Amino acid sequence: MKIEIASDIVCPWCYIGKQRLEKALKLVGGEFDVSIRWLPFQLNPGLPPEGIPRADYRKAKFGSLERSKQLDARVIAEGKSEGIDFAFDRIERQPNTTQAHRLIALAQENGLGNEVVNALFKAHFEEGRYIGDPKVLVEIATQCGVDGWPDKASDVSKLEEEVRELGISAVPTFIFERKLGVSGAYPPDQLAGAMREAVK
């Protein structure tokens with residue numbers, strides 16, 4: 001069972017979706033020999049490399065900080081049920097995620113994709129670390145045992161274009177066996193059902 005996940009590190013629903021997929025994989029038990037591949041998808045490809053203040057970004061996106069906080073409250077509640085302690089108040093800058101996606105791609109070559117994705121999500125959403133900072137990315141690469149960062153990392157912009165050409169416009173999107181796509185952080189039982197459906 002090949003599972004591909006179009007995702008962005010700054011997408012809280014992608015973090016929730018990752019946790020739910022892990023539960024779904026437990027539900028299907030040994031039914032499938034699963035391989036997971038993370039696909040790059042930037043929610044904000046136009047952000048400058050140095051990012052922008054998060055408050056400015058949220059105001060521009062949602063009209064006001066009050067509206068942004070209401071949406072965050074819902075995500076915080078959903079996250080708690082998946083063991084995620086979202087700390088939006090700690091995030092000072094909205095990062096450009098180009099370099100984070102390059103790190104994920106290199107990590108996957110090392111067989112460490114899931115570990116790095118998890119570390120990036122945790123750093124951004126729970127620890128409020130700025131994942132646009134080259135030093136933070138070096139720390140995460142080292143912590144996860146990724147060899148050759150950043151020198152051996154390749155450009156992922158072409159791969160991201162290919163992901164968009166598949167018709168993907170929202171994340172997370174889970175693609176099972178290149179037959180069935182599910183867009184959204186669905187409950188584990190529905191993700192497990194989609195896996196079974198894909199092999200019929």
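Here are some questions and answers on the strands, salt bridges and pockets of this predicted model.

Residues are numbered from 1 along each chain as its sequence is written, and side-chain values use heavy atoms, with hydrogens and water left out. As this is a predicted model, local features need pLDDT of at least 70 and side-chain atom pairs count only at pLDDT 80 or more, while totals for chains, interfaces and linings use all residues.

Q: Which residue in the turn of the hairpin has a positive phi?
A: Strand 5 and strand 6 form a hairpin, with three residues between them. Within the strands, Phe174 stands opposite Val182. In the turn, the residue with a positive phi, about 60 degrees, is Glu177.

Q: How many salt bridges does the model have?
A: The rule asks for a side-chain nitrogen of Lys or Arg within 4 Å of a carboxyl oxygen of Asp or Glu. Side chains of opposite charge can pair when their charged atoms come close. Counted by the rule, the salt bridges come to 16.

Q: How far apart are the closest N and O atoms of Glu22 and Lys18?
A: Both residues sit in helix 1 (residues 12-28), four residues apart, so about one turn of the helix. Buried means under 20% relative accessible area, exposed over 50%, and partly exposed in between (1.4 Å probe, protein chains only). Glu22 is partly exposed at 36%, whereas Lys18 is buried at 5%. Their salt bridge has its closest N and O atoms apart by 2.5 Å.

Q: Which residue does Arg20 meet in a salt bridge at 3.0 Å, N to O?
A: Arg20 is buried at 9% relative accessible area. Its partner is buried too, at 11%, and lies in the loop between helix 3 (65-81) and strand 4 (93-94), 62 residues apart from Arg20 in helix 1. The residue that Arg20 meets is Glu82.

Q: Which helix supplies the largest share of the lining of the largest pocket?
A: On a 1 Å grid over the protein atoms alone, a pocket is an open set of points where a 1.4 Å probe fits, with protein on both sides within 12 Å along at least five of seven lines; lining residues have an atom within 4 Å of a point. The largest pocket is lined by 19 residues, with Pro12, Trp13, Arg58, Lys61 and Phe62 nearest its centre. Helix 1, helix 2 (54-62) and helix 3 each supply at least two residues of the lining. The largest share, five residues, comes from helix 2.

Q: What volume does the second largest pocket have?
A: Its lining includes Arg54, Ser68 and Phe88, and the largest share, five residues, comes from helix 3. A volume is the space filled by probe spheres set on the grid points, which are joined across faces, edges and corners. For the second largest pocket the volume is about 220 Å³.

Key: Two strands pair if DSSP finds at least two bridges between them.
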